[in-house]
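Let me put the model up and walk you through a few bits of it.

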Amino acid sequence: MSTDRRSPPLAAPERITVVSGLPRAGTSLLMQLLAAAGIELARDDARAPDADNPRGYSELAAVKGIRRDASFLASCRGRAVKIVAPLLPALPADQAYRVVFVERELAEVLASQRTMLQRAGHASAAEGDPDLARAFDATLVRARAWLAARPAIDTLFIDHRRLIEAPRPTVERLADFLVRTSADPARSEPEAARRARLDAMAAVIDPALHRQRR
C-alpha cells in the first residue's frame, strides 16, 4: 500500500474518505483529484496502468473481498479508498465515512466498459445490452437509497461531464466539501495556499482522457 503522509486542512484522520460510483464512471479520476488535494490514498497498485486507465486505477485489492472481510478499513482512516457502488452496502457501521460519489451518463459508462472488454479480447455488446443498463441503473438507485438512509455519512455527488467540461467550479465544490467534513472545518488556510491547491486539483483534469462521449 503506497503512503504519502500529509495532514492538509482537507484531511479527516478519523474518517475514511470513500470514492464511489459505477465502474468506468470516473472513480480513478476522483482519486487523482483527492491526491492532488493532499489526501493520502489507500491503494496497492496491484492493477497496473493500462490503455484504459493510463494514470492507474488507484485501487486496493482488499476491497474486492469487503463482504467477507472488512478489517482492512481500519488502516484506511485518514485516507481515501475506492469502493465501487455495488459494494457500498458492505461498509460496516463501526467506521466513520465521507463519500464522494461520481455520476456519469450511463451510455458513456457502458461504452467505456465495452471498449475495455474488447481491448482485453472479450467480445461484448455491453453498450447496447438493456439488461446491463437496467442493472447499472438499479445499482445507482440502491446506492443513493443506502446513502440517503445514513445521514451520518456526508456525501458529495460529482457530475462527471461537468467536471470534465468546467473543472474549476466542480473542483471548488469538492475542496469545500473536504474542508467542511475535515477534522477542523474552522481551520483557516492562507488564500495563496488554497489557490495553489485548487490549481493542482484542476490540473489533473485532461479532457483528452474523456474518450467516450454522448
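**An aromatic pair and its surroundings**

Let's start with F101, which is buried at 0% relative accessible area (buried is under 20%, exposed over 50%, partly exposed in between, with a 1.4 Å probe and protein chains only). Quick caveat: this is a predicted model, where local features need pLDDT of at least 70 and side-chain atom pairs 80 or more, while totals for chains, interfaces and linings use all residues. Numbering runs from 1 along each chain as its sequence is written, and side-chain values use heavy atoms, without hydrogens or water.

So, how many aromatic pairs turn up in the whole structure? One, counting Phe, Tyr and Trp rings (the six-membered one for Trp) with centres within 6.5 Å; planes under 30 degrees apart are stacked, over 60 edge-to-face, the rest tilted. F101 and F157 have ring centres 5.5 Å apart and planes at 55 degrees, so they're tilted. F101 is in strand 4 and F157 in strand 5, so the pair ties together parts 56 residues apart in sequence. Strands here are DSSP E runs of at least two residues, and helices are H or I runs of at least four, numbered from the N terminus.

F157 is partly exposed, at 25%. The charged end of R144 sits over the F157 ring, 3.9 Å from its centre (that takes Lys NZ or Arg CZ within 6 Å of the centre and within 35 degrees of the ring normal). R47 does likewise over Y57, at 3.7 Å.

Zooming out, five strands form an open, parallel sheet, ordered 2-3-1-4-5; pairing takes at least two DSSP bridges. Strands 2 and 5 are at the edges with a single partner each, so one side of each has no neighbour in the sheet.
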